[in-house]
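Student: I have a model open and would like to learn how to read it. Where do we begin?

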Amino acid sequence: LAARAGHLNVVRALLDAGFKFTPEDERLSARYEQAEVEKRTKVLASLLAKADKEQAFRNWEAALKILENALEIAPGEEQVQRRIATVKAEQRKERLQAILVRADRAASAGRWGLVIAALEEYLTLEPGDVQVQARIEDARQKLTEAQVEEARTRAHSLAHQERFEEAITAW
């Protein structure tokens with residue numbers, strides 16, 4: 001009755017008491033093992049549900065911690081290992097996407113040094129990405145062009161102020 005109601009702790013306590021009187025009873029031993037399996041299954045299901053929630057809210061670290069706890073309860077559980085791999089992949093994908101968004105915003109603002117820094121960070125996580133490497137080269141070229149334009153503008157401004165030596169140095 002307690003087992004049907006889901007009170008597995010009560011079942012375990014009753015089985016423990018029964019073992020004191022009949023330790024050789026195989027049915028009692030089998031029922032005890034079944035109660036242990038049911039409890040582990042219930043706890044595992046609860047942890048997986050919590051991990052689902054954290055994953056849905058994109059709380060990657062919390063989801064991974066919960067899944068690692070689940071793996072301690074059920075070592076080698078393939079479902080948990082797959083879930084850990086999935087969460088890590090989603091976390092990585094989100095991080096890479098955030099880096100690209102940061103690079104795009106910096107490019108829109110003409111901040112080529114920040115673009116290069118963001119894309120180099122991306123390459124540390126995803127080495128060999130040819131498109132990102134091409135974007136870095138493009139950003140380096142635009143950075144050089146911006147620096148030349150800035151020097152030209154400064155030199156021109158100094159020349160108008162008749163500060164010719166400074167204008168030559170700036171250019």
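Tutor: Helices (H or I, at least four residues) and strands (E, at least two) are DSSP runs, numbered from the N terminus. Buried means under 20% relative accessible area, exposed over 50%, and partly exposed in between (1.4 Å probe, protein chains only). The arc is taken from the directions from the helix axis to the C-beta atoms.

Student: What average pLDDT does the protein have?

Tutor: pLDDT is the predictor's confidence in each residue, from 0 to 100. The protein averages 85, and 80% of the residues score at least 70. Over residues 1-6 the pLDDT is below 50, and this stretch has six contacts in the model beyond near neighbours in sequence. Contact means heavy atoms within 4.5 Å. Where pLDDT is low, the predicted coordinates should not be read in detail.

Student: How many helices and strands are there?

Tutor: The protein has seven helices and zero strands. Buried residues make up 24% of its 171 residues. Of the contacts with a separation of 6 or more, 41% are between residues 24 or more positions apart.

Student: How do I check the length of a helix?

Tutor: The expected span is 1.5 Å times one less than the number of residues. For the 14 residues of α3 that comes to 20 Å, and the end C-alpha atoms are 20 Å apart, which agrees. Helix α4 has 31 residues and reaches 45 Å from its first C-alpha to its last, close to the 45 Å expected.

Student: What about helix α5?

Tutor: Helix α5 (residues 112-125) has 14 residues; it should span 20 Å, and its end C-alpha atoms are 20 Å apart. Its buried residues are Trp112, Val115, Ile116, Ala118, Leu119, Tyr122 and Leu123. They cover an arc of only 165° around the axis, so they are on the same side of α5.

Student: How many residues are in the largest nonpolar core?

Tutor: A nonpolar core is a set of buried Ala, Val, Leu, Ile, Met, Phe, Trp, Tyr and Cys residues joined through side-chain atoms within 4.5 Å. The largest has 15 residues, and those with the most contacts inside it include Leu100, Val115, Leu119 and Ile136. The elements giving two or more residues to this core are α4, α5 and α6. Of these, α5 gives the most, with seven residues. A second, separate core of 14 residues includes Leu47, Ala63, Leu64 and Val87.

Student: What does leucine 119 touch?

Tutor: Leaving aside neighbours within four places in sequence, leucine 119 is in contact with Leu100, Ala103, Val132, Arg135 and Ile136.

Student: Is arginine 83 buried or exposed?

Tutor: Arginine 83, in helix α4 (residues 78-108), counts as buried because its relative accessibility is 16%. Not counting residues up to four places away in sequence, arginine 83 touches Leu48, Ala51, Asp52, Gln55 and Leu67. Arginine 95 is also placed in α4, but is partly exposed, with a relative accessible area of 45%. Beyond its neighbours within four places, arginine 95 is in contact with Glu121 and Leu125.

Student: What should I look for in the loops?

Tutor: Check phi. Most residues other than glycine have a negative phi. Arginine 58 has a positive phi of about 60° although it is not a glycine. Arginine 58 lies in the loop between α2 (26-56) and α3 (60-73). Glycine 110, which follows α4, also has a positive phi, near 70°.

Notes: Residues are numbered from 1 along each chain as its sequence is written. Side-chain values use heavy atoms; hydrogens and water are left out.
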